[in-house]
Amino acid sequence: MERFNPIVVFMYFALTSGIAMLCMNPIMQTIALVGAALLFLIRRAGRRGGHLPMLAFALLACVINPIFSHNGATVLFFVNGNPFTLEAVIYGAVCGVMLLAMLYWFRSFSALMTSDKILYLLGRISPKIALTVSMALRYVPLFSAQMRKTAQAQRAMGAIRADDSLSRIRGGARVFSVTLTWALENGIVTADAMEARGYGEGRRTSFAIYRFHRRDAALTAVILLLGGGIYYGVFGGFAAYQYYPIVTVRQDTAALLTYGAYALLTALPSTIEAGEIIRWKYLQSKI
Amino acid sequence: MIVIRSARVRRALKIVLPFIVIPAVVAFGVFAVRGKHHLFVSTAVALLSLALFLCGFEKRKIGSRRAVLVSVMIALSVLGRMFPVIKPVTVFAMLSGMFLGPEAGFLVGAFSALISNFWAGQGPWTPFQMLAWGLIGFFAGVLASPLKRSRFLLYAYGVIAAVAFSMVMDVWSAIWLAGAFSLDVYLAKMLTSVPHTLLYAVSNVIFLICFAKPFSEKLERIRIKYGI
C-alpha cells in the first residue's frame, strides 16, 4: 500500500471508516473488524503489539450499553429493578466491535500515512499551513537536541546537582526557559532569512515525490465502484437492521450483495499487501 | 483535495461551510432514514470546522515572522506533551492566542494535537482534539486584552479551558462507547473524568503561574531586539 498515492490511500480509509460509522449493521461491523484486523496483522504495524488497551476499550463499550439502555424483548435479569436485556448486550457488543475495528484501521492508517504524506495532503489544501506544520515537525528534534545541550552545559557548570531533587526540578525549568528564548530568537532569524530569499513574493512552487500512476487510477476506480455500491445499499435500506425490540438483520440477495461488496472493499488492502509479500518471496527465490 | 487558489472560492467556502454544509450535515444526522448517525455527523462536523478555520488562515496575510513563531510554539508544545505527566498544550495554545493573535492560537492548539499524535497515537479522536485545543487557543486570542490585564481572569480561563476540553472529549467518548449520543452515558463519563479534569485544571493554573510572565517578557524582549 505504500506505493500508492497518499490521496488514494486517504480516500480508501475515509470511505471505509465512513461506512462503518454510518451503518451499525452487525454483519457489516464484523466484516469491518475482520478486514481491519487482517490488514493490521499482515503489516504487523507497530510490532510491539499493544492490542490490550484497545481490547479493554472495546469491552468497556460492551458493558456500558446494557447498563444504560433497557430496551429489548429478551430480559436476562434485573438489576435494581431495571431489566438487563439480551438485545442491549448485543448492541453493546456491536459497538465494541466497531470501536475495535476503528482502532485497527487507525493503527494501519498512521503506519501507512507517515507525517510526510499527511503534509502532502495538507499542502494540497493549504500550502501556507503545510509549510508551518513541516517547520514545526523539523523543530521538534532540533529543540530537543538544543535542550539536551543546554542541560549538559548546566550540569557541567554545576548548576544542576544530581543528588538534589529540588535543584533538578529548578534546573529543568531553567533549561526549558533557556530553550524557549533560544527557539523564539532562532525562529525570528529563520523568518528573516526566508524573507531575504524572497518568501512571500509571488506564488511558491512546491515539489512532491508522489505522482498519480496508472495503478493509482485503477485502485481509485475499484474503491469508488465498490464504495458507491455499498453507500447505495446502505442508504437504499438493503442492509437494514434493527436491535430493539428484537434483533433482525436483512439477509436477502440485495443485502448479501452489499455485505459482499463491503467484504471485498475491506479485504482490498490486505490482498494488495499479501500480493506484495508473495511477489517479494518469488523474486527472492529466483536469485 | 483541490488546491484552493482563487480567493473568491475561499471566500465562498467561508460562507458556504458554516451556514450551509455544517447545518446540512447535522440535519442529515437528525432526519436521515434511520437516524442516530452521531458518529458520522460528529466526525464530519469536526473536520468541516477545521477546514473552515484553515480556509480563513490561508486567506489572511500573515507575516512570515508570525508564521515561524507559530511553528516554534507548535514544536515546543509537542515537546512538552512528551513529558510523562504534564500536558502543557492548552497553556501554549492560550499564550500563542494571546500574544500572536486568535488564528495563531487556533493553529498551535490544533496542530500540536495532530503532530503529537504521531507519537501518542492517531485515532478517531484526533479531529476532536484538534478542534477542542484549537478553539481554546482561538478564544484566548479573542479575549487577549482582558486576559493580559488581569491575572485572575487568566487563571480562570485556564480552569475553564480544562473543563471545556474534557467536556468536549467526553462527548466524543460517550458517542463512541455507546454508538450514539445518550445523555446518561455522557453524564456518567463526565462523572468518572472529574479527577482527571481537576488534575488538568490545576496543572494548567500552575503552568500559567510559571509561564505567563516569563513568556510575555521573552516575547517583549524579542520585540525590542528585532523591532517587530
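Trainee: How many helices and strands does chain A have?
Mentor: This is a predicted model, in which local features need pLDDT of at least 70, side-chain atom pairs count only at pLDDT 80 or more, and totals for chains, interfaces and linings use all residues. Residues are numbered from 1 along each chain as its sequence is written, chains are lettered from A and ligands numbered from 1 in the order written, and side-chain values use heavy atoms, without hydrogens and water. Helices (H or I, at least four residues) and strands (E, at least two) are DSSP runs numbered from the N terminus. From that end the elements of chain A run α-α-α-β-β-α-α-α-α-α-β-β-α, which gives nine helices and four strands.

Trainee: What share of the residues of chain A counts as buried?
Mentor: Buried means under 20% relative accessible area, exposed over 50%, and partly exposed in between (1.4 Å probe, protein chains only). Of the 287 residues of chain A, the buried share is 45%.

Trainee: Which elements make up chain B, from the N terminus on?
Mentor: Chain B has zero strands, and 55% of its 228 residues count as buried. Its elements run α-α-α-α-α-α-α-α-α-α, that is, ten helices.

Trainee: What is the area buried between chain B and chain A?
Mentor: The size of an interface is often given as the accessible area lost when the parts come together. Here buried area is the accessible area (1.4 Å probe) that two parts lose on being put together, summed over both. The contact, meaning heavy atoms within 4.5 Å, takes 61 residues from chain B and 62 residues from chain A. Carbon and sulfur atoms give 79% of the buried area, which is about 5600 Å².

Trainee: How many salt bridges does the rule find across the interface of chain B and chain A?
Mentor: A salt bridge is a side-chain nitrogen of Lys or Arg within 4 Å of a carboxyl oxygen of Asp or Glu. One salt bridge joins the side chains of B:Arg65 and A:Asp192, at 2.9 Å from N to O. Across the interface of chain B and chain A, the number found is three.

Trainee: Which helix of chain B gives the most to the side that touches chain A?
Mentor: The elements that give two or more residues to this side include helix 2 (38-59), helix 3 (64-82) and helix 10 (194-226) of chain B. With 14 residues, the one that gives the most is helix 3.

Trainee: Which residues does A:Phe57 contact, leaving aside its neighbours within four places in sequence?
Mentor: A:Phe57 lies in helix 3 (residues 51-68) of chain A. Because its relative accessible area is 25%, A:Phe57 is classed as partly exposed. The C-alpha atoms of A:Phe57 and A:Gly96, 39 residues apart along the chain, are separated by 7.7 Å. The residues in contact with A:Phe57 are A:Leu99, A:Leu103, B:Trp172 and B:Leu177.

Trainee: How far from the backbone oxygen of A:Pro26 is a polar atom of the side chain of A:Thr30?
Mentor: A:Thr30 lies in helix 2 (residues 26-43) of chain A and is partly exposed, with a relative accessible area of 42%. A:Thr30 and A:Val97 are 67 residues apart in sequence and 6.8 Å apart in space, C-alpha to C-alpha. The distance from the backbone oxygen of A:Pro26 to a polar atom of the A:Thr30 side chain is 2.6 Å.

Technical notes. A polar contact is a pair of N or O atoms within 3.5 Å; within protein, one must be able to donate a hydrogen and the other to accept it, and residues adjacent in sequence count only if both atoms are side-chain atoms.
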